[in-house]
Amino acid sequence: MQAWAEEPAGCAGTNSSLAPVPRTPPKVANVTIRGVRGPAFCGGSFTGLAQSPIEGLVVSDVAFDSPPPLWGWRCAHVVGAVFERVVPEPPPSCVAARGG
């Protein structure tokens, strides 16, 4: 096994000669999903990060075929979600999602 004297530039690690690279979470905002039809095998799932929730999600004119999907909609760490004309109806936890 070869040990490296230095890490490549831009990598954070244990080498004290290199400044650590700050790691910022990605920001996902103002996402619109419209006019989607799909098979009823599962449903829709939106999961952001605790420190960086999905913001401004709009889902409209989306439907899953009958029978109803196994779990419908799931939302976690989503802020400001709007669901319009979707089948099945989203649970209150998706519509009122506030990041948790």
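**Notebook: threonine, disulfide, rings**

I began with threonine 24, which sits in the segment before strand 1 (32-38); strands (E, at least two residues) and helices (H or I, at least four) are DSSP runs, numbered from the N terminus. The model is predicted: local features need pLDDT of at least 70, side-chain atom pairs count only at pLDDT 80 or more, and totals for chains, interfaces and linings use all residues. Residues are numbered from 1 along each chain as its sequence is written, and side-chain values use heavy atoms, with hydrogens and water left out.

Is threonine 24 buried or exposed? I found it exposed, because its relative accessible area is 68% (exposed is over 50%, buried under 20%, partly exposed in between; 1.4 Å probe, protein chains only). Its C-alpha atom is 9.5 Å from that of glutamine 51, 27 residues apart along the chain.

Next I looked up disulfides, pairs of cysteine sulfur atoms within 2.5 Å. I counted one. Cysteine 75 and cysteine 94 form it, with sulfur atoms 2.2 Å apart. It joins strand 5 (residues 72-76) to helix 1 (residues 92-95).

Then I turned to rings of Phe, Tyr and Trp (its six-membered ring), which pair if their centres lie within 6.5 Å; planes under 30 degrees apart are stacked, over 60 edge-to-face, the rest tilted. The structure has three aromatic pairs. Phenylalanine 46 and tryptophan 73 are stacked, because their centres are 6.2 Å apart and their planes at 10°. Phenylalanine 46 lies in strand 2 (residues 43-47), tryptophan 73 in strand 5. Tryptophan 73 is buried at 6%. Phenylalanine 46 and phenylalanine 83 are edge-to-face, with centres 6.4 Å apart and planes at 65°. I noted that ring pairs link Phe46, Trp73 and Phe83 into a cluster.
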